[in-house]
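Me: I would like to learn how to read side-chain pairings and helix packing in a model. Can we work through this one?

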Amino acid sequence: MPDLSPEQRADARRVALEARTVRARALTEISAGRWTVPRLLAAAQAERALARTKVEAVLRALPGVGPVGSRVLLARAGIAENRRVGALTERQRRSLTEITEYPIRWRSDSVG
């Protein structure tokens, strides 16, 4: 690890704090129902901090989805639990969009 000057450390802390703030705001918007998963996926194309958001955290931010539900949805979408939004394939993005449409269908064999 390179030695950083105090100024460089302060800059790195500031950048990290800004990234955490961007992610937290986005998850709050999803939780409040003001943002959808497709909107987050689109915003992550332009915002690096959002691209670094874990998909599981996005799912857990959805109203009515907890830790177990997020794992169920990840499995249905074929996404690894440690995957980040920016690393999703196009197929995974489509699948994530489909399974997070309301009302959320928890089982693949459920109708409407």
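Reply: Start with one side chain. R60 counts as partly exposed because its relative accessibility is 43%. Keep in mind that this is a predicted model.

Me: Which residue forms a salt bridge with R60?

Reply: E56 does, with the closest N and O atoms 4.0 Å apart. E56 is buried, because its relative accessible area of 18% falls under the 20% cut-off. R60 and E56 are four residues apart in helix α4 (residues 55-61), so about one helical turn separates them.

Me: How many salt bridges does the structure hold?

Reply: Four. Among them is the pair R34 and E29, with the closest N and O atoms 2.8 Å apart. E29 is partly exposed, at 23% relative accessibility. Another joins R93 and E90, at 3.9 Å from N to O. Both lie in helix α6, three residues apart, about one turn of the helix. R93 is buried, at 15% relative accessible area.

Me: Now helix packing. What describes two packed helices?

Reply: The angle between their axes and the distance between the axes. Here, take helix α5 (residues 67-77) and helix α6 (residues 90-99): their axes come within 9 Å and cross at roughly 135 degrees. That angle makes α5 oblique to α6. The crossing is right-handed.

Me: Which residues make the contact?

Reply: From α5, L73, R76 and A77; from α6, R91, S95, L96 and I99. By class, the residues of this contact are four nonpolar, one polar and two charged.

Conventions. Residues are numbered from 1 along each chain as its sequence is written. This is a predicted model: local features need pLDDT of at least 70, side-chain atom pairs count only at pLDDT 80 or more; totals for chains, interfaces and linings use all residues. Side-chain values use heavy atoms; hydrogens and water are left out. Axes are lines fitted to C-alpha atoms, for helices over the stretch in contact, and angles run from 0 to 180 degrees between N-to-C directions. Helices (H or I, at least four residues) and strands (E, at least two) are DSSP runs, numbered from the N terminus. Angles under 35 degrees count as roughly parallel, over 145 as roughly antiparallel, 65 to 115 as roughly perpendicular and the rest as oblique. A crossing is left-handed if the near helix is turned anticlockwise from the far one by less than a right angle, and right-handed if clockwise. Contact means heavy atoms within 4.5 Å. Ala, Val, Leu, Ile, Met, Phe, Trp, Tyr, Cys and Pro count as nonpolar, Asp, Glu, Lys and Arg as charged, and the others, Gly among them, as polar. A salt bridge is a side-chain nitrogen of Lys or Arg within 4 Å of a carboxyl oxygen of Asp or Glu. Buried means under 20% relative accessible area, exposed over 50%, partly exposed in between (1.4 Å probe, protein chains only).
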